[in-house]
Amino acid sequence: MASTTAPPRASATRTAPAAAPEAHQAREARRPLPALRHFGPNWYACVMGTAIIATAGAALPRQLPGQRTACVAVWALSVAVLALVLAARAGHWLHHRDQARAHLLDPAVAPFHGCLSMALLAVGAGTLTVGRDVLGERAALAADAVLFTAGTVLGLAAAVAVPYLMVARHELRASQASPVWLLPLVSPMVSAAVGPLLVPHVPAGQAREALLLACFALFGMSLLATLLVLPLLFGRLLVGGPLPAVLAPTLFLVLGPLGQSTTAAGQLADAAQRAIGAPYAGALAGFAVLYGVPVLGFALLWLALAGALLVRAARRGMGFAMTWWALTFPVGTCVTGAAGLARHTGLAAYGWLGWALFLCLVAAWLAAAVHTVRGLAAGRLLPR
């Protein structure tokens, strides 16, 4: 018996070293990519900044040859980026739940959870605006309806949950006031701006009027919440001085609620013509101008201030960071706001303003996109 059982033991001893590397390789294959651990919600800004180029370019009153085709191409890119970011964020939550929960409790990261909503809404608006050239009217409408619904629900959740965490769980001081605090509060305003695009496609009567007024309610919700936060931000700058250089681009986030609310006012006025009768349709048309002109004027004032502080930070050695994406979407909302005022006032000056801002938007997007791709290729943005 001993002679018959000895060979198997010897064989097991000989094969064990060969099996060990295979088992190790199998464990390594099952191990999640370390880079996903650092993949935070701020990456949705890439989607927002890309999608806004398509919708802003299509909204400009003067169109160049091939401009529509270029907008469609950028929209397709935004769809691809959205799919990649959604997949990466799903992997982050699946394999790194501890870090995902830590992000919710981090006051510097938690506000970026509002970006998911805005990414969905921005891509949805681009789908109905220019994506229909590829998908067709019916498919584009269905896609936008899904993205608008999901984005609005998630935006409302973020607008409540993030401020709740800031009040109940985060330990904040006035000196920590940051423009990123606006991110979850702007989400309903994005819904208010893109929702009117769906109004003409809703059955006439109660349903159409309800959607229009719901968008107007989202407009007020976001606007009033923003007005509560803006004084804190400006006070922080006056008392605490400029933000650290790496955070200087986030000052442009203030343009988001300003430009988006101007855009929303114009879109609500356009949709009101088919949803509600006099005198409210005419009142909303007047409101679009009476509200949009001074608010866009303040946006230009803030743009000059934020631009000056950005130049100051650049002179002090500001390097690339993902905060550069803050230079894209907020500026894009000012483009669509200026285009809306050009449409409602008939003034060519607003059309030229929209074009000037659009060129700044494209330049900012190119800078952010090129540096992001380089950072990913070099492993600096998502260290392993």
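**Salt bridges, nonpolar core and pockets**

In the predicted model, a salt bridge joins the side chains of arginine 37 and aspartate 98, with an N to O distance of 2.8 Å. This pair links distant parts of the chain, 61 residues apart, since arginine 37 lies in the loop between helix H1 (2-30) and helix H2 (44-59), whereas aspartate 98 belongs to helix H4 (residues 97-105). Arginine 37 has a relative accessible area of 27% and is partly exposed, and aspartate 98, at 44% relative accessibility, is likewise classed as partly exposed. In general, side chains of opposite charge can pair when their charged atoms come close.

The count of salt bridges comes to 4. Among them is the pair formed by arginine 343 and aspartate 270, whose side chains meet at 2.8 Å, N to O; here too distant parts of the chain are linked, with arginine 343 in helix H11 (residues 329-345) and aspartate 270 in helix H9 (residues 255-275), 73 residues apart. Arginine 343 is partly exposed at a relative accessible area of 45%, and aspartate 270 is partly exposed at 30%. A further salt bridge is formed by arginine 132 with glutamate 137, where the closest N and O atoms are 3.8 Å apart; arginine 132 is partly exposed at 36% relative accessibility, as is glutamate 137 at 38%.

The largest nonpolar core comprises 115 residues, and those with the most contacts inside it are Met118, Leu212, Phe219, Trp325 and Phe358. Helix H10 (residues 280-315) contributes the largest share of this core, with 12 residues. When residues up to four places away in sequence are not counted, phenylalanine 219 touches Met189, Ala192, Ser261, Ala264, Ala265, Leu268, Phe287 and Tyr291.

The largest pocket holds about 730 Å³ of space. Two or more lining residues come from each of H2, helix H5 (115-135), helix H7 (183-194), H9 and H11, and H9 gives the most, with 6 residues. By class, this lining has 14 nonpolar, 8 polar and 5 charged residues.

The second largest pocket holds about 630 Å³ of space and is lined by 34 residues, of which Phe112, Ser178, Val180, Leu247 and Thr250 lie nearest its centre. At least two residues of this lining are supplied by each of H2, H5, H7 and H11, and the lining of the second largest pocket divides into 26 nonpolar, 7 polar and 1 charged.

Methods
Residues numbered from 1 in each chain as written. Predicted model: local features only at pLDDT ≥ 70, side-chain atom pairs only at ≥ 80, totals over all residues. Heavy atoms only, no water. Helix = DSSP H or I, 4+ residues; strand = E, 2+ residues; numbered from the N terminus. Buried < 20%, exposed > 50% of the residue type's maximum accessible area, 1.4 Å probe, protein only. Core = buried A, V, L, I, M, F, W, Y, C linked by side-chain atoms within 4.5 Å. Contact = heavy atoms within 4.5 Å. 1 Å grid on protein atoms, 1.4 Å probe; cavity = no way out; pocket = protein on both sides within 12 Å on 5 of 7 lines; lining within 4 Å. Points joined across faces, edges and corners; volume = space filled by probe spheres on them. Nonpolar A, V, L, I, M, F, W, Y, C, P; charged D, E, K, R; others polar.
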